[in-house]
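Good morning, everyone. Please bring up the sequence and the model, and keep both in view while I talk.

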Amino acid sequence: MANPVVARAEVVGTRADGPARRVTVRCATAAARFRPGHFAALTAPAGSVDVLRHAVPVLRADGDTLDLLLPADPPPLLDLIAPLGTPYPQPDAPGCALLLGEDTQAGPLLALAEQLLAAGSQVAFVLVAESAGRLYGVDAARELTADVLLLTADGSAGLPLGDDPAALLDQALSALDADLLYTAASPELTAAAVAAATARGARSWTAVATEMPCGTGLCLGCVLPVRDADGVSRLVRACTEGPVFDGVRVRWGGLDTVPADVEGADAGGAGE
Amino acid sequence: MTERQDVDLTAPLGGGTVPNPLSTAAGCAGFGRELARFVPLDELGTLTTRTVLPRAGAGAPGPRVVPVPAGVLNAVGGHNPGLEGFLRRELPWLAERGVRTVVSIGGHRLEDFAELAARLAGRDGVRGLELNLSVPGAADRGVPLAANPALSYDVVAAVKAVAPDLPVYAKLAPDTGTVTEVAAACVAAGADGLSMVNTARAMAIDLDARRPALAAGTGGLSGPALRPVAVHCVFQVHAAMRAGRMPAVPILAMGGVRTGRDALEFTLAGASGVAVGSELLRDPTAPLRILDELRAELTTRGFTAYTDAVGLAHRTTTTEDGRP
């Protein structure tokens with residue numbers, strides 16, 4: 001695995017992108033290594049009192065540029081490290097993939113869909129948000145596939161999310177006869193989708209949304225519990241082993257906890 | 001036109017030397033693997049590891065790391081591979097790469113430190129030990145050892161008894177009110193150097209959740225917010241050494257070092273080595289940048305050797321508080 005690029009990247013464009021800002025930066029080396037699911041870690045603007053980095057999703061690479069999704073317009077130069085993290089894996093053979101995205105977290109799924117389509121897979125989207133104004137990527141998704149289902153909590157677009165999103169997601173997986181699930185959504189929605197996919201025998205790949213204070217694996221601030229193939233549960237870092245995980249590996253009910261059966265949990269949490 | 005003279009950056013490590021004074025502060029560089037993607041580790045003066053405890057630990061739940069103005073609060077807990085995991089997986093990796101490794105060790109009891117030191121002494125790649133005296137000690141109802149001169153003495157003496165040939169640095173806390181006393185006790189017990197300082201106990205509140213921002217409640221403050229506190233501690237202890245109140249040993253300083261100027265500041269206060277900590281989380285390439293900046297600062301000021309700058313801020317003062 002090539003080392004991430006540490007660069008001061010020139011911002012060459014910004015535009016509104018749903019409820020966020022799409023920021024295009026020039027960074028040829030990082031762009032050449034991009035895969036959907038990667039993220040970038042940005043420093044705060046000069047003069048800020050913030051001394052940590054902020055992880056932002058990389059939406060796509062195009063030539064020598066990267067598109068990032070930011071909450072607001074950045075300064076003309078961005079101090080970034082990219083690409084970081086483990087991207088979405090590609091299936092061994094073409095399949096039928098359901099892509100579940102929530103709010104702006106859905107950003108990386110569009111480049112992933114392009115990659116899956118190029119490799120011969122079918123794709124369908126379920127895009128979820130609190131309200132119509134928070135839905136992300138609807139038009140772009142519709143350009144890629146006719147199968148785009150919208151769900152909103154307030155019912156202002158698409159179907160109402162309701163109290164049982166698991167049932168809706170199970171219906172979607174069933175209607176598509178999907179054998180692959182890719183998610184970029186909240187833990188609650190992801191857990192429901194993974195359960196539905198697993199019950200149907202579909203593989204799931206999930207991007208975990210969590211704070212990543214450094215993005216490089218140094219701070220140990222983004223750990224989550226997983227259960228490995230050997231049956232042992234461990235705490236692992238979202239920024240290095242993830243943010244994309246095999247959905248059945250993550251202990252969705254225990255995020256932000258140290259479950260008692262995790263390796264080393266009995267040693268206590270003393271010391272810094 | 002005068003020819004630019006290269007500065008001799010050789011710095012002490014206990015009674016020996018290393019090629020330059022830059023190290024990493026324990027807990028901010030892991031065991032080197034992540035940092036190696038950004039820095040050639042063998043170019044560091046030393047790499048100080050995350051604290052190794054006798055047993056592997058998962059550490060604390062999240063949130064573990066939160067930003068505060070000009071600093072970082074952390075309560076990662078005892079997340080570590082344990083001694084066996086360190087010996088099996090981490091130390092061979094470091095030794096193969098020629099990294100001058102200082103192993104940070106910690107424990108809840110004196111016996112923990114002694115066991116770790118005995119098992120690490122003589123191992124290929126281990127160039128020194130740093131004793132994390134800020135792990136709450138069971139011997140004193142959870143009060144960090146670093147607050148207590150007598151307990152700190154006992155830990156250092158026990159480690160030196162089993163690792164007499166290895167440079168041993170005691171890492172001191174900044175907020176015990178006893179830093180000079182603990183420093184003197186550690187040196188009297190045989191410490192070859194002092195690491196100054198650990199994080200300061202601190203807290204932030206999550207306004208929306210109406211509870212401490214860290215899951216553990218209290219954590220350790222690092223980063224630039226800590227630097228003036230750390231400079232003061234280094235200054236006080238170096239002053240005590242100059243006054244003959246304790247034997248002089250090298251001080252490895254850490255606490256919010258972001259630039260070569262910061263490194264020079266600690267050096268003038270009395271440090272003869274400087275470790276980069278939370279700045280690595282912002283800029284993992286920082287160590288060699290800071291070293292270049294330090295070299296430039298020294299050159300600009302006419303120094304030909306790094307060690308010539310150690311403690312120079314004391315020449316115009318007569319008290320530990322820095323008064324003229």
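Some ground rules. This is a predicted model, where local features need pLDDT of at least 70, side-chain atom pairs count only at pLDDT 80 or more, and totals for chains, interfaces and linings use all residues. Residues are numbered from 1 along each chain as its sequence is written, and chains are lettered from A and ligands numbered from 1 in the order in which they are written.

Start where the chains meet. Chain A puts 33 residues into the contact, and chain B puts in 48 residues. Contact here means that C-beta atoms, placed from the backbone, lie within 7 Å. On the chain A side, 17 residues are nonpolar, 10 polar and six charged. For those classes, Ala, Val, Leu, Ile, Met, Phe, Trp, Tyr, Cys and Pro count as nonpolar, Asp, Glu, Lys and Arg as charged, and the others, Gly among them, as polar.

Now chain A itself. Helices (H or I, at least four residues) and strands (E, at least two) are DSSP runs, numbered from the N terminus. Look at helix α4, residues 165–176, and helix α5, residues 187–199, both of chain A. Their axes come within 9 Å and cross at roughly 45 degrees. Axes are lines fitted to C-alpha atoms, for helices over the stretch in contact, with angles from 0 to 180 degrees between N-to-C directions. That angle makes α4(A) oblique to α5(A). Under 35 degrees would be roughly parallel, over 145 roughly antiparallel, 65 to 115 roughly perpendicular; the rest is oblique. Who makes the contact? From α4(A), P165(A), A166(A), L169(A), D170(A) and L173(A); from α5(A), L189(A), A192(A), A193(A), A195(A), A196(A) and A197(A). By class, this contact has 10 nonpolar residues, no polar and one charged.

Next, strand β12 of chain A, residues 203–207. Is β12(A) buried or exposed? Five of its five residues are buried. Buried means 20 or more other C-beta atoms within 10 Å of the residue's own; 12 or fewer is exposed, and in between is partly exposed, with C-beta atoms placed from the backbone. R203(A), W205(A) and A207(A) lie on one side, S204(A) and T206(A) on the other. Strand β11 of chain A, residues 180–184, pairs with β12(A) in the parallel sense over five bridges. Pairing needs at least two DSSP bridges. Opposite R203(A) stands L180(A).

Over to chain B. Four of its strands form an open sheet, ordered β5-β6-β14-β11, with antiparallel pairing. The edges are β5 (65–68) and β11 (200–202); each has a single partner strand, so one side of each lacks a neighbour in the sheet. Neighbouring strands are turned by 35 degrees against each other on average, direction ignored. In this chain, β6 (residues 71–74) and β14 (residues 219–222) share three bridges. L73(B) has L221(B) as its bridge partner.

I251(B) counts as buried because 29 C-beta neighbours sit inside 10 Å. Leaving out residues up to four places away in sequence, I251(B) touches several residues, including V234(B), V237(B) and H238(B).

Last stop: helices α6 (residues 260–269) and α8 (residues 286–300) of chain B. They pack at about 65 degrees, axes 7 Å apart. Their contact divides into five nonpolar, one polar and three charged residues.

Technical notes: Two residues are in contact if their C-beta atoms, placed from the backbone, lie within 7 Å.
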